[in-house]
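Below are some notes on the model you sent over. They go point by point, from the overall fold down to single residues.

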Amino acid sequence: MESQNFTPGMTVRVRAGHPLAGMSGTIVRVKPTHVWVLLSNGHQTPLLISEIEVVEELLPSGS
């Protein structure tokens with residue numbers, strides 16, 4: 001996935017194999033090779049595009 005596909009406000013999760021694997025956060029800035037993510041623990045960190053995956057928003061069932 002290229003950086004153009006990411007936008008601030010998207011929820012992402014850190015992929016397996018990274019020291020922060022499993023943590024989720026919100027994209028705050030998008031750069032050509034990486035994104036800045038505000039993690040659920042309150043820390044902001046740069047992550048490479050290859051280190052994150054988009055978290056699909058779940059729709060309430062029965063709607």
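1. Overall make-up. The protein has zero helices and five strands, where helices (H or I, at least four residues) and strands (E, at least two) are DSSP runs numbered from the N terminus. Along the sequence the pattern reads β-β-β-β-β. Of its 63 residues, 24% count as buried; buried means under 20% relative accessible area, exposed over 50%, and partly exposed in between, with a 1.4 Å probe and protein chains only.

2. Basis of the values. This is a predicted model, in which local features need a pLDDT of at least 70 and side-chain atom pairs count only at pLDDT 80 or more, while totals for chains, interfaces and linings use all residues. Residues are numbered from 1 along each chain as its sequence is written, and side-chain values use heavy atoms, with hydrogens and water left out.

3. Confidence. The mean pLDDT (the predictor's confidence in each residue, from 0 to 100) is 88 for the protein, and 83% of the residues score at least 70. Confidence is lowest in strand 5 (residues 52–54), with a mean of 94, and highest in strand 4 (residues 44–48), with 97.

4. What is the order of the strands in the open sheet? The five strands are arranged 4-3-2-1-5, with antiparallel pairing; two strands pair if DSSP finds at least two bridges between them. Strand 4 and strand 5 stand at the edges with a single partner strand each, so one side of each has no neighbour in the sheet. From one strand to the next the twist averages 45°, taken between axes that are lines fitted to C-alpha atoms (for helices over the stretch in contact), with angles from 0 to 180 degrees between N-to-C directions. In general, strands of a sheet pair through backbone hydrogen bonds, either parallel or antiparallel.

5. Strand 1 and its partners. Strand 1 (residues 11–14) runs antiparallel to strand 2 (residues 24–30), and three bridges join them. Thr11 has Thr26 as its bridge partner in strand 2, and Val12 stands opposite Gly25. Strand 1 is also joined to strand 5 by three bridges, again antiparallel; here Val12 stands opposite Val54.

6. The hairpin. Strand 2 and strand 3 form a hairpin, with three residues between them. Five bridges join strand 2 to strand 3 (residues 34–39), and the two run antiparallel. Gly25 has Leu39 as its bridge partner in strand 3.

7. The salt bridge. How many salt bridges does the structure hold? There is one, by the criterion of a side-chain nitrogen of Lys or Arg within 4 Å of a carboxyl oxygen of Asp or Glu. Arg15 forms it with Glu53, and the closest N and O atoms are 3.7 Å apart. The pair links distant parts of the chain, 38 residues apart: Arg15 is in the loop between strand 1 and strand 2, and Glu53 is in strand 5. Both ends are partly exposed, Arg15 with a relative accessible area of 37% and Glu53 with 29%.

8. Rings. Arg29 lies over the face of Trp36, at 4.7 Å from the ring centre; a charge sits over a ring if NZ of Lys or CZ of Arg is within 6 Å of the ring centre and within 35 degrees of the ring normal. The structure holds zero aromatic pairs, for which the centres of rings of Phe, Tyr and Trp (its six-membered ring) must lie within 6.5 Å, with planes under 30 degrees apart counted as stacked, over 60 as edge-to-face and the rest as tilted.

9. Two loop residues. From C-alpha to C-alpha, Ile49 and Trp36 are 10.0 Å apart in space and 13 residues apart in sequence. Asn41, in the loop between strand 3 and strand 4, is partly exposed, with a relative accessible area of 43%. Asn41 and Met23 are 18 residues apart in sequence and 8.5 Å apart in space, C-alpha to C-alpha.
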